[in-house]
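Please read each point with the model open beside it.

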Amino acid sequence: MAEDSDLEKTEPASPKRIEDARKKGQVPRSHELTTFASLMAGLIAVFVLAPDIYAAMKEIMVKSFTFSRSDLVSTQLMQESLVQALGAALIALLPVFAAVALVAIMVPILIGGWVFSMEALGPNFGKLNPAAGIGRMFSVRTIVETIKTVLKSALIGGVAGWILWDEKEQFISLISMPPDSGFLMLWQMMKYTLLMTVSGMAVIVLIDVPYQLWDYYKGLRMTKEDVRQENKESEGDPHVKGRIRQLQREAARKRMMAEIPKANVVVTNPTHYAVAIRYDEEMRAPKIVAKGSFLLAERIIDLAKEHKVTVVRTPPFARALYHHAQLGEEIPAALYTAAAEVLAYIYQLDQYRKEGGLEPTLNTDLPVPAELDPESPAKGI
């Protein structure tokens, strides 16, 4: 029983499963919403641009039915006239087509967002399986779509029929009206009829959009076993993760070693710890550019000597920096005074090497707080 429950799709789709579906081009879509919005956009565009469209079509009709006797015997002229008329009609209706196309593209994004996937264009030979095709014909989704189509036709047809029946007397009265006023009244009746008929689709949209969202996420549901497998894959192989961490440490170490030639000084324990310090006028306080212990400390010292970076023996200061200063960050404020003495000594040493004179000496009793030195005798008191 437990195994059966693990194979039932009772768990909601994980973010990874939803993202994988999007990569395959699988996103929730409502064709009813797109159809409704496109038709409504087209109608509104026609209503707004009606005077311009009417004037353009009237001009086209006048030009099309105005010709001389010689035009009747010239096939070339008739063809050119037809092409010009079609081009003018297309230009007149182009804003309507543009509005419909824009809405048809933008509306689906409101539900499923923008997605571009070439995977959806790839061949799927599973769809050629007759058994699968028959299964899709009698699936729940097909039945729902069929019922929806029937209801949509009944609703739209019912709304249109009701409006036409309600306005039958006005339609009959058009026969006795002058052409101008009759045409205007017909246009107003057509606008009302079309607008109400398309608006009737809003009922279908209000039902279809929630259903499509529910059906989409229902299809992505996972079994408990799927959830466990995905968690296992996301955590990754311990050996692979260990190798990744090793590579990350090696990369960080290489970056750290590349900063040693830029350091002002390397303070040591002398063999247990080594810390490289850098300071310039743009910095608020000295920063740690490299630090290490034992073999890594020896490597830092060797690299510093190779690039002529001064190495000084300051055990308490080196221990305090190693344990309480983070790589790439400023040294603790409690060690500012000690750092200032060391950097002042480095500056005096550089001057001595360039100009000669009295060789400077470094104060071996640097002001390092006992609580920052793990080996300080005063700390154990």
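1. Overall make-up. The secondary structure of the chain consists of 16 helices and 4 strands. Helices (H or I, at least four residues) and strands (E, at least two) are DSSP runs, numbered from the N terminus. This is a predicted model, in which local features need pLDDT of at least 70 and side-chain atom pairs count only at pLDDT 80 or more, while totals for chains, interfaces and linings use all residues. Residues are numbered from 1 along each chain as its sequence is written, and side-chain values use heavy atoms, with hydrogens and water left out.

2. Burial and surface. The chain has 381 residues, of which 29% count as buried. Buried means under 20% relative accessible area, exposed means over 50%, and partly exposed is in between (1.4 Å probe, protein chains only).

3. Contacts along the chain. Contact means heavy atoms within 4.5 Å. Among contacts with a separation of 6 or more, 74% are between residues 24 or more positions apart.

4. The largest nonpolar core. In soluble globular proteins, nonpolar side chains tend to be buried together. A nonpolar core is a set of buried Ala, Val, Leu, Ile, Met, Phe, Trp, Tyr and Cys residues joined through side-chain atoms within 4.5 Å. The largest one here has 24 residues, and those with the most contacts inside it are Val 265, Val 267, Val 312, Phe 317, Leu 321, Leu 335 and Val 342. Strand E1 (265-268), strand E2 (273-278), helix H15 (315-324) and helix H16 (336-355) are the elements that give two or more residues to this core. H16 gives the most, with 7 residues.

5. Which residues is Val 312 in contact with, leaving aside its neighbours within four places in sequence? They are Val 265, Val 266, Val 267, Thr 268, Val 342, Tyr 345, Ile 346 and Leu 362.

6. Ala 344. This residue lies in helix H16. Ala 344 is partly exposed, with a relative accessible area of 34%. Ala 344 and Leu 362 are 18 residues apart in sequence, and their C-alpha atoms are 9.1 Å apart.

7. Aromatic pairs. Rings of Phe, Tyr and Trp (its six-membered ring) pair if their centres lie within 6.5 Å; planes under 30 degrees apart count as stacked, over 60 as edge-to-face and the rest as tilted. By this rule there are 3 aromatic pairs. The ring centres of Tyr 211 and Trp 214 are 6.0 Å apart and the planes are at 35°, so this pair is tilted. Both residues lie in helix H11 (residues 201-219), 3 residues apart, about one turn of the helix.

8. A pair between two elements. The rings of Tyr 273 and Tyr 322 have their centres 4.6 Å apart and their planes at 35°, so this pair is tilted. Tyr 273 is in strand E2 and Tyr 322 in helix H15, so the pair ties together parts that are 49 residues apart in sequence. Tyr 273 counts as buried, at 13% relative accessibility, whereas Tyr 322 counts as partly exposed, at 21%.

9. Salt bridges. Side chains of opposite charge can pair when their charged atoms come close. A salt bridge is a side-chain nitrogen of Lys or Arg within 4 Å of a carboxyl oxygen of Asp or Glu. The count comes to 5 salt bridges. One of them joins Glu 11 and Lys 224, with the closest N and O atoms 3.5 Å apart. This pair links distant parts of the chain, 213 residues apart: Glu 11 is in the loop between helix H1 (2-6) and helix H2 (15-23), and Lys 224 is in helix H12 (residues 224-235).

10. A further salt bridge. Glu 330 forms a salt bridge with Arg 284, the closest N and O atoms being 2.5 Å apart. Glu 330 counts as partly exposed, at 25% relative accessibility, and Arg 284 counts as exposed, at 66%.
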